[in-house]
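This report walks through selected side-chain and backbone features of one model. Start with the structure below.

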Amino acid sequence: MAQAAAVAKQPAPRRRRRASATPRRLPYLLIGPAVLLMLGFIAYPVISVFYYSLQHYNPTKPWRDGFAGLDNFVRIFTEDPVFWDTLVFSAKWVFVEVGLQLLFGLALALIVNQSFVGRGVGRALVFSPWAVSGVLTSAIWVLLYNSQTGITRYLADMGIGSYGTSWLSDTSTVFSAAVVADLWRGVPFFAILILADLQSVSKDLYEAAEVDGASRLKQFWHITLPHLKDAIILSTLLRAVWEFNNVDLLYTLTGGGPAGVTTTLPLYIANTSVDAHDFGYASALTTVAFLILLFCSIVYLRLSKFGGENK
């Protein structure tokens, strides 16, 4: 009774402020558990990588463990030629893959956006490779590239090439073979995003362009492409990050070989940590890769004017 009387004596505005504060805090209370989980599963590993990048940490050589300062980073830029080789190959891999996937994905999106008999089945077939996991994609293409039972065997039966040829073990063909395998899975990603954006283009624009005598090419250049600008920028950025971090396909197909010619920077990091157990140096490599991706992403978004008005 005394507590109720005390509450009753409080000024009305103060009671109203307390009552209205609870609904405002409710959304934060509801998302609180999810935020804590994200901090545990995302923030903690990221912070751990930055921490171990400043350490000598190798479980197989505990007597060498300890604070390294910037020694790992100095080693990366001055003593490790493999880092530069893998970085150059990673840039080549990303540029070729993203460029070809965008080109073929745009073409497929334009095709399946048209009205034709069996369009639903055609779209399902076009998009189905994207549902296949990276490891399963690699397994499929390992079988296709098998020198005894794969494509080269059937080509040899037709008089093209010779028996026992393995495209994945030849330094002159392994890059092209890996590119084709990843194209099979990556092209549908661009086709899906671009097709979704094509659905929102007003048909009145094309009808008005036809009335004005604009050709199909001019309609594509002045109507379709400007409308797809943000979708293309976002999809290429996302795919570039994913291709840069691609490990499963190349690891399963080539293992970084032959002679290390298909070793990307993330694959080099995986080999350094898992095989060599040099987690301190691998963490430093990961930090450098993160900073490279962050810098390139910011520059790309600034130069492409993502989200800006089309002129």
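## Asparagine 58 and its surroundings

In this predicted model, the side chain of asparagine 58 makes a polar contact with the side chain of threonine 60, at 2.5 Å. Asparagine 58 lies in the loop between strand S1 (55–56) and strand S2 (66–67). Its relative accessible area is 11%, so asparagine 58 counts as buried.

Beyond neighbours within four places in sequence, asparagine 58 is in contact with Asp65, Ala276, His277 and Asp278. Take histidine 277: 219 residues separate it from asparagine 58 in sequence, yet the C-alpha atoms are 5.6 Å apart.

## The loop between H12 and H13

Histidine 277 lies in the loop between H12 and H13. Its phi is positive, near 60 degrees, and the residue is not a glycine. Most residues other than glycine have a negative phi. Histidine 277 is partly exposed, with a relative accessible area of 31%.

Aspartate 278, another contact of asparagine 58, forms a salt bridge with arginine 75; the closest N and O atoms are 3.4 Å apart. This pair links distant parts of the chain, 203 residues apart: arginine 75 is in helix H3 (residues 71–79), while aspartate 278 is in the loop between helix H12 (265–275) and helix H13 (279–304). Aspartate 278 has 18% relative accessibility and so counts as buried. Arginine 75 is partly exposed at 34%.

## Charges over rings

Side chains of opposite charge can pair when their charged atoms come close. The count here is 2 salt bridges. One of them joins glutamate 243 and arginine 239, at 2.9 Å from N to O. The two residues are 4 apart in helix H10 (residues 216–244), so about one helical turn separates them. Glutamate 243 is buried, with a relative accessible area of 1%. Arginine 239 is buried too, at 4%.

Which side chain of opposite charge is nearest to glutamate 97? It is arginine 239, 6.2 Å away. Glutamate 97 is in helix H4 (residues 81–112). Leaving out residues up to four places away in sequence, glutamate 97 touches Ala178, Val179, Asp182, Leu183 and Glu243.

## Aromatic pairs

A pair of aromatic rings is described by the distance of the centres and the angle of the planes. The model has 17 aromatic pairs. One of them, tryptophan 141 with tyrosine 145, is tilted: the centres are 5.5 Å apart and the planes are at 45 degrees. Both tryptophan 141 and tyrosine 145 are buried. Elsewhere, ring pairs link Tyr51, Tyr52, Tyr57 and Phe279 into a cluster.

## Backbone between H11 and H12

Most peptide bonds are trans. The bond that joins glycine 257 and proline 258 is cis, with omega about -5 degrees. Proline 258 is in the loop between helix H11 (248–253) and H12.

Alanine 259 lies in the loop between H11 and H12 as well. Its phi is positive, about 60 degrees, although alanine 259 is not a glycine. At 80% relative accessibility, alanine 259 counts as exposed.

Notes. Residues numbered from 1 in each chain as written. Predicted model: local features only at pLDDT ≥ 70, side-chain atom pairs only at ≥ 80, totals over all residues. Heavy atoms only, no water. Phe/Tyr/Trp six-rings, centres within 6.5 Å; stacked < 30°, edge-to-face > 60°. Buried < 20%, exposed > 50% of the residue type's maximum accessible area, 1.4 Å probe, protein only. Lys, Arg positive; Asp, Glu negative; His and termini not counted. Salt bridge = Lys/Arg side-chain N within 4 Å of Asp/Glu carboxyl O. Contact = heavy atoms within 4.5 Å. Polar contact = N/O pair within 3.5 Å; in protein donor to acceptor, adjacent residues only side chain to side chain.
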